[in-house]
Amino acid sequence: MNDRVNSDTTSSRTILKPRRLALLGTVAALGVAVLASSPGSSPLGMASFIAPARAAEAAATPPGFGDLVSKVKPAVISVRVKIDQDNDKSAMLQQNRMDSDEDSPLDQFSRQFGFRGPGGMNGMPRQRHQTITGEGSGFFISADGYAVTNNHVVDHATSVQVTMDDGTVYTAKVVGTDPKTDLALIKVDGKKDFPFVKFSDQKPRIGDWVVAVGNPFGLGGTVTAGIVSASGRDIGNGPYDDFIQIDAPINKGNSGGPAFDMSGNVIGVNTAIFSPSGGSVGIGFDIPASTAKLVVAQLKDKGVVTRGWLGVQVQPVTADIADSLGLKEARGAIVDTPQDGSPAAKAGIEAGDVITAVNGTATKDSRDLARTIATLAPGSSVKLDVFHKGDSKTVTLALGELPNEQHAKSGEGKAQPGAGTPRLGLSLAPAGDVQGAGQKGVVVTEVDPEGPAAQRGIQTGDVILNVGGKPVANVGEVRSELAQAKSSGKNSVLLQVKSAEATRFVAVPLA
């Protein structure tokens, strides 16, 4: 969708660094003393409540998972792949990137699952010419042999084999992959009666039981259990991060395997772990079933995934931005710039507009907007609730198609306020007076390193295009708009600032 998405600072977005974080745990023991008495006696009426207490304890003991496991385990498979580095230059480049220090969080997690680890797959030293192998997990979703796994399990594979719970080995083909969600669909031909499982139609609750089945360390079908720890996790992998966090132990080789609810339905696809050591510490991440169903349906139908495209760069609405615009609460996504010729631009959406809802459903922040638009088909009609220059309106438009080379990129989402007066530590000049600055706005010619503007990220060369929604062409107009904002009782004013990287909105606190 080429929508530039900055994650909300209030969501405490953190990219996990396995080598830098350590998790500590403590265990507390509770001792209970019971008074003894002579046979037949009941001091303090003890016998009257000991039996009910034991009954309650027995009732609280969770049932075993044997029946559930026997039902779903036959549908879970081990996925083994081969990659010929001699014939797949892209795989070599990908592996080299994963071995570097400049890899993504999912690359780090992938190494921990046993894929493309330091020195090569499975930790083996790389040779100049070799065939490398890796193992993961997957599960059948239909009797005719369609199965789901992770994209990073089968990425660049020259051959794929699956091993069933009974030891039977089949050759599989890759039907399609979706790197943006790290999902892949594979197919085993030759049979019409494979055991299979279904995706859950219900979103799991935090605290619900979860059972993970997979192929950890190449040991074959292994079962672990735990609970759903959290939902909506963003681990910095991509613009559509919406992971379920579980504490059921998952390890190397579990990647691509299913996590089940107590009804035997798949609630998520095991994809990543956080681990300082490479083994499970009880923090695993699953792609939600709702996401997997949509992606798998497209992969089965077309072999690729197409997503709706709005064509805007957006950032979250902070409290300062909300105050400067007169919004009652800090929610929605503010448009930095609509792209020329995009569906948004054609529909009249402008810089500074805040998208507050899509098809009647409230938009939480910029990442929520990106995920929502991505689930809609290109060409579909959508209604956007937009806050435009102090008024609310509804805009109807037809979505475009997100080209393959376009990505909804995310930044840190920091509101980096600029300023337009000397007391904020800035010197300004009309853009037309500064070579290369263009003809619109005012250019920041000097920044006091100790001033508030410098601390908020404003740099020399930045161009302030408008203040409070009004275009500015000189220092006087900047001062006038700042004074008007303050006299109106606002605590901050919104600036549109253009830098070498992008155009963004920043909220400036008014002293």
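**Entry 1: Thr-361.** I looked up Thr-361 in this predicted model and found a relative accessible area of 53%. Exposed means over 50%, so I recorded Thr-361 as exposed. I placed Thr-361 in strand 18, which covers residues 361-362. I then took the C-alpha to C-alpha separation of Thr-361 and Lys-383, which came to 9.8 Å in space for 22 residues in sequence.

Entry 2: I located Met-262 in the loop that joins strand 11 (258-260) to strand 12.

**Entry 3: the largest nonpolar core.** I found 28 residues in the largest nonpolar core. Among those with the most contacts inside this core I listed Phe-139, Val-148, Leu-183, Phe-199 and Val-269. I traced the elements that each supply at least two core residues, including helix 2 (66-72), strand 4 (146-150), strand 7 (183-188) and strand 12 (266-273). Helix 6 gives the largest share, five residues.

**Entry 4: Leu-183.** I listed the contacts of Leu-183, leaving aside neighbours within four places in sequence. Among them are Val-148, Val-269, Ile-287, Ala-292, Val-295 and Leu-299. I also recorded contacts of Leu-183 with Thr-149, Asn-150, Asn-151, Thr-177 and Asp-178.

**Entry 5: the second core.** I noted a second, separate core of 17 residues. Its members include Val-314, Ala-344, Val-382 and Leu-397.

Notes:
Residues numbered from 1 in each chain as written. Predicted model: local features only at pLDDT ≥ 70, side-chain atom pairs only at ≥ 80, totals over all residues. Heavy atoms only, no water. Core = buried A, V, L, I, M, F, W, Y, C linked by side-chain atoms within 4.5 Å. Buried < 20%, exposed > 50% of the residue type's maximum accessible area, 1.4 Å probe, protein only. Helix = DSSP H or I, 4+ residues; strand = E, 2+ residues; numbered from the N terminus. Contact = heavy atoms within 4.5 Å.
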